[in-house]
Amino acid sequence: MKRVLWIIAAMAVCMGAVPAFAGAVTFESLVGELTNLERLSETPSPAYVTKQFSSYDRRSKNPSVLTDEDWFANGDRGQYLRKETIDGREEFVIMDAEGPGAIVRVWSANPADAGTVRVYLDGSKKPAIEMRLTEMLGGSGPMPFLKPISHEVSRGWNTYLPIPYAKHCLVTTSKSDYYYHINYRTYAKGTKVKTYPGKLSKKQQQLVQNAADFLAKPSQFVEPASPKAYQFAYDMGPGATVKGLAEGSSRAVYAFRAKVDAADMEAALRGCLLEIRFDDETTPSVQAPLGDFFGTAPGLNKFESLPCGVMADGSLYSYWVMPYKKSAEFRITNHTNASVKIKGETLTGTYKWSDKSMYFHAKWRTEHPIHTLPRQDWNYLDASGAGRFVGGMLHITNPVKQWWGEGDEKIYVDNEPFPSHFGTGTEDYYGYAWCFNVPFVHAYHNQPRCDGPDNYGQTCVSRYHIIDDIPFTKHFKFDIEVWHWAECDIAMAETSFWYAKPGATDTFAPIDPISLKVIAPPPLPVPKKVEGAIEGETLREVERTGGSLSKQDAASYGWSGDAQGWWTDGKPGDTLTIGFPVEKAGRYKLLAVFTKAVDYGIAKLSVNGQSAGDPIDFYNDGVVSTPETSLGVFDLKAGENLLKVEITGANAKAVPRHMLGLDYLRLEPAG
């Protein structure tokens, strides 16, 4: 049995599930692909293309107009295809695709704002799926939307449950004010696809459960047929190069494992360059720093995904399947100024090379400094030939706390004039949301490192396209926008993973050893604070009926302490109560500085149950701070006092997100 994890497919055959619609794409066969790495090493059969529907800003139409109002437009929320009335209901259409095909990924940042999702298949007026979008994506819903196939990580909601259809797929929601991606396949005309069954049999449910169980422990390994291990141990001085060779007619590397020992692990994992050549290649198919190849940068960042990862003991693994006809040569060069010890093994197994087989590719590029203005599209990969894109890892060095990743992914397949994948933000592409800096790990996508505070320092994110891989027959181009909240200089390093037929080319230049250096971010300046300010971001949440409360950092807005307390996505009628400290009981004038912006609401305030005046409209076309505003004079007790905020509505001109930002409170004795 091969590492490609045929376990699930094999179980399905034993239970009689797969042959039920032999020779066709079925729900069962697609569930088997959730854990199947070997299939990525061959051109797809049957053939398909992978595309994306999303809520990207529709003002982005012309790549020659490089402005924030056009190509870099950032209003990526609440965009849909059209409204339809179905069975007397008004529904918002977010996907309308001819088959045969299959949905392979759905993501949202705020699925609660979408309401009910309905999936109509093959022209039926009755939805095959009808449920809250939060249930579909969060992993808390009914079978078959199980964790970790469906899951929420760092405020991003995802499902990779495949939904096949023979003729047509229409997806709607009952509300429209949210962010979304739907990644889907369209198979070649005439391909037999058995439509998603709706209600699953017990055998189908067991198949889904098996996949979920495996993805929950993605680092487990199944040895290939006729395994042969090549073990190595090197003590590499500065400038040293070591080589390893795997041989044997028509085999494949199924595992590559390594353990590194060095005084400076960040320098060693970035400074040791890995190159892999297959058969008679004159240039390497793999050329990347050792750590970046395994999905970690800088240094060792623990995570476990299906194709690669870093175990708790610091050992690195790669389970990408790398076929060859005659041989695979591994070469590691130490470009650091210190000794590095590396030990590990490559494990090969039987593989039958055919005219569908492809070589594995992994290449790295970096740039520093990248000035964040004017906006630009930064290239991840530009490859020619036939192949499949299967993922990448991004390492970014951010010198400020502000968010660096508003940029959308733009993927062009086979020389498309307009990208067939147009995203809504960098973190959205990587499966999380709201620039959230809490690390997460998953079989398909990860944020194993985000230094902070907020989004300052080193961040490492990855996404591996296993069931949502993107085939191409002529050309593949992946750009992502450099779209930062602040004007500054950043460093980016990206490793792309793809398969390609022999003879394919790419635009990666040979790696200059000088670039194999981890860029350290400069120290953060000490933020200035208003004297006597009780900072809004430090106040204790006592009670909240809706939305979420967090700290928002942004030095560019002039907030005291460079931050504010930020209440987002509440609704009219929702309340937030926060406690603020008073050192000595007495009568005080309570002053406050708030934020106004285009998506802020109208709110009524009270202090310890006493009204703090008329409701305040926090709408403004642009982000500004209010002057110090008196909320009134109050008798305050020593210790914690309560400020209650109730959302009453929004300005007619506002984007209705009803947000509220509190920079600070300040007390003045009132006698």
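Tutor: Let's start with a term: a polar contact is a pair of N or O atoms within 3.5 Å; within protein, one must be able to donate a hydrogen and the other to accept it, and residues adjacent in sequence count only if both atoms are side-chain atoms. Keep in mind that this is a predicted model, where local features need pLDDT of at least 70, side-chain atom pairs count only at pLDDT 80 or more, and totals for chains, interfaces and linings use all residues. Residues are numbered from 1 along each chain as its sequence is written, and side-chain values use heavy atoms, with hydrogens and water left out.

Student: Which side chains does arginine 270 join through polar contacts?

Tutor: The side chain of arginine 270 has a polar contact of 2.9 Å with that of histidine 395, and another of 3.0 Å with that of aspartate 292.

Student: Is arginine 270 buried or exposed?

Tutor: Buried means under 20% relative accessible area, exposed over 50%, partly exposed in between (1.4 Å probe, protein chains only). Arginine 270 is buried, because its relative accessible area is 3%. Across the chain, 59% of the 671 residues count as buried.

Student: What is arginine 270 in contact with, leaving aside its neighbours within four places in sequence?

Tutor: Contact means heavy atoms within 4.5 Å. For arginine 270 the list includes Pro289, Trp364, Ala493 and Leu516.

Student: How roughly does the chain fill a box along its principal axes?

Tutor: Its C-alpha atoms take up roughly 90 × 70 × 45 Å.
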